Amino acid sequence: MADPTFLDSTELVLNMGPQHPSTHGVLRVILKLDGEKVLGTECVIGYLHRGVEKIGENRTYQMFAPYVDRTDYVASVSNGLGYCLAVEKLLNVEAPPRAQAVRVILTELNRISSHLVWLGTHCLDIGAITPLFYTFREREMIMDIYEKYCGARLTTHAFRIGGLQYELYEGFEQECRDLCDWFLPRVDEYEQLLTGNRILVARMTNVGVLTAEDCKAYGVTGPMLRAAGVPWDLRKAQPYSGYEQYEFEIPTGKNGDTYDRYLVRMEEMRQSVRIIRQAADRIPDGPIMAKVPKVIKPPVGEVYVSIEAPKGELGYLIVSDGSTQPYRVRIRPPSFINLQSLDKMARGALVADIVAIIGTIDIVLGEVDR
Amino acid sequence: MAEEGKPVPKPPAAQAGSAAPKAPPQMAATPWESELTQALAARFGDEILEFSSYLGQEFLVARPAAVIPILEWLKTEAGFDYLVDITAVDYPARAERFELFYILYSFARNQRIRIKTNLPDGGRPATATGVHLTANWLEREVFDMFGIEFAGHPDLRRILMPEEWQGHPLRKDYSILTQDQAWVRENLGIESAQ
């Protein structure tokens, strides 16, 4: 009666996303499965493509600055910093020391808040609901500082080409210090909750392993590369915005698995606190803007400037033809390039691991699709 | 224009503009010389057209056919083991319309360089996927946005735009208001996506 081939195993193709909550937006992954085992994956992306690079060619240098906030929208301050540094390089100017120190503080706050979003959602993906409420509580405080400083919470547009738009508000430094004092014990609290948690450890250990060689071959940077044991961080390797003045360490892992990436990001939040404390204690006096003309017309030329964004190397290649609009803006997005390694990590894993692996790449689809 | 008396320091050659209306202003690059350029020049000879540096950023211009051997040589002999990015710039007025960029980084040297090459419309550069795995998606994006086909690429399809989309958005003759009307009508059921 039953089909004689009924029990034969066949390969199954399963669509995950684009509306799946664990794909962090609109990522669609086509999985080829043998039972629970993943034989291969294919990412279908572009659902959020807004043509940011094309828009850049049709706006002036200043007008394009708010757009970059909307690529990686949980790390908008970092995007803005990278863009401003690139245009400043093209103009051959440097932001004054006061502006640089403030930029460092806001960017490190942003790194913490980006990592907090990652931590909350990653834990949510693999079954722990509570951490999200904790991490968003702390993130809210960081957003409050942004709001007081520049009026916006998420897409801040906090910097201007040449420095800062706004002078600091009264008590900014103290608020940053208070936040650090409050936040550091919270990281310990997260770790008490999670680091030794048997379920989490089981879900993350030896899942999605990328060795240092794999990372280099795929161009993977950021916490993923450091978790594979490569102590490479652009803030140390090619310091910008005065990062060479601050003491901090580059946390690294050993195995390059999801668990090590978790540990690296937790430690990075502590290091960011260290940087913020040092910077808040010595914000120099002085102007907040370099001498930049009202109409920005960089000489003909091209530059590539990159920074250590929370997700990896974020680069801007800007080509100027001497006019007020960039001839070409290329954004080198860490999320996009890191996501390419998904297939390598996923082969041989289980379907449930895919969720953990996507979470650990820490992608933002706004940046993948641009 | 700029505020009186407060111009940004400009390299002299970039001010050609009004004096010579025919010749477009050039990037004020300076020659780049180092042990690395000597070794490259010795190995690749006139396949490399130029070693230059602009604002402290070093780059070389090579013939299209030499790019992949150069990438390979730089990776194995000089430690440039990380391909940061591949992208293109469109200059429709030029005979060799596209400028293709490869950005490389060496962890050992902590050095970043660019390789550039010029291609005519329809030119088919070889794929870099055999040297750097990361080139796969990067070349797909260049193909998607500029219509440059990479010979030997294992999976050359659009990556950000829909697969059936007609046209390549980052070409300069593709205006920001241009869209594939037929695709929009068929797939979104509206007359225009503007």
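Predicted model: local features only at pLDDT ≥ 70, side-chain atom pairs only at ≥ 80, totals over all residues.
Q: Which residue of β6(B) is the bridge partner of B:Leu60?
A: B:Leu60 has its bridge partner in β6(B). That partner is B:Ile115.

Q: Which strands of chain B stand at the edges of the open sheet of six strands?
A: The strand order in this sheet is β1-β2-β3-β6-β5-β4 (chain B), and the pairing is mixed. An edge strand here has a single partner strand, so one of its sides is left without a neighbour in the sheet. The edge strands are β1 (30-31) and β4 (82-90) of chain B.

Q: What is the average twist from one strand to the next in the open sheet of chain A with the order β1-β2-β3?
A: Three strands form this sheet, with antiparallel pairing. β1 (12-16) and β3 (37-44) of chain A each have a single partner strand, so they stand at the edges. From one strand to the next, the twist averages 25°.

Q: How many bridges join strand β2 of chain A to β3(A)?
A: Strand β2 of chain A spans residues 28-34 and runs antiparallel to β3(A). A:Leu33 has A:Val38 of β3(A) as its bridge partner. The number of bridges joining β2(A) to β3(A) is seven.

Q: At about what angle to β2(A) does helix α14 of chain A run?
A: Helix α14 of chain A comprises residues 351-361. It lies across β1, β2 and β3 of chain A. Its angle to β2(A) is about 150°.

Q: How is α3(A) oriented relative to α4(A)?
A: α3(A) packs against helix α4 (residues 97-125) of chain A with the axes 8 Å apart, at an angle of about 140°. The contact involves A:Val77, A:Ser78 and A:Leu81 of α3(A), with A:Arg103, A:Leu106, A:Thr107 and A:Asn110 on the α4(A) side. By class, this contact has three nonpolar, three polar and one charged residues. Given that angle, α3(A) is oblique to α4(A).

Q: How many nonpolar residues are on the side of chain A that touches chain B?
A: Where the chains meet, 42 residues of chain A are in contact with 41 residues of chain B. Elements giving two or more residues to the chain A side include α1 (52-57), α3 (76-91) and β7 (312-320) of chain A. By class, this side has 13 charged residues, eleven polar ones and, for the class asked about, 18 nonpolar.

Conventions: Residues numbered from 1 in each chain as written. Chains lettered and ligands numbered in written order. Contact = placed C-beta atoms within 7 Å. Helix = DSSP H or I, 4+ residues; strand = E, 2+ residues; numbered from the N terminus. Nonpolar A, V, L, I, M, F, W, Y, C, P; charged D, E, K, R; others polar. Pairing = 2+ DSSP bridges. Axes fitted to C-alpha atoms, helices over the stretch in contact; angles between N-to-C directions. Parallel < 35°, antiparallel > 145°, perpendicular 65-115°, else oblique.
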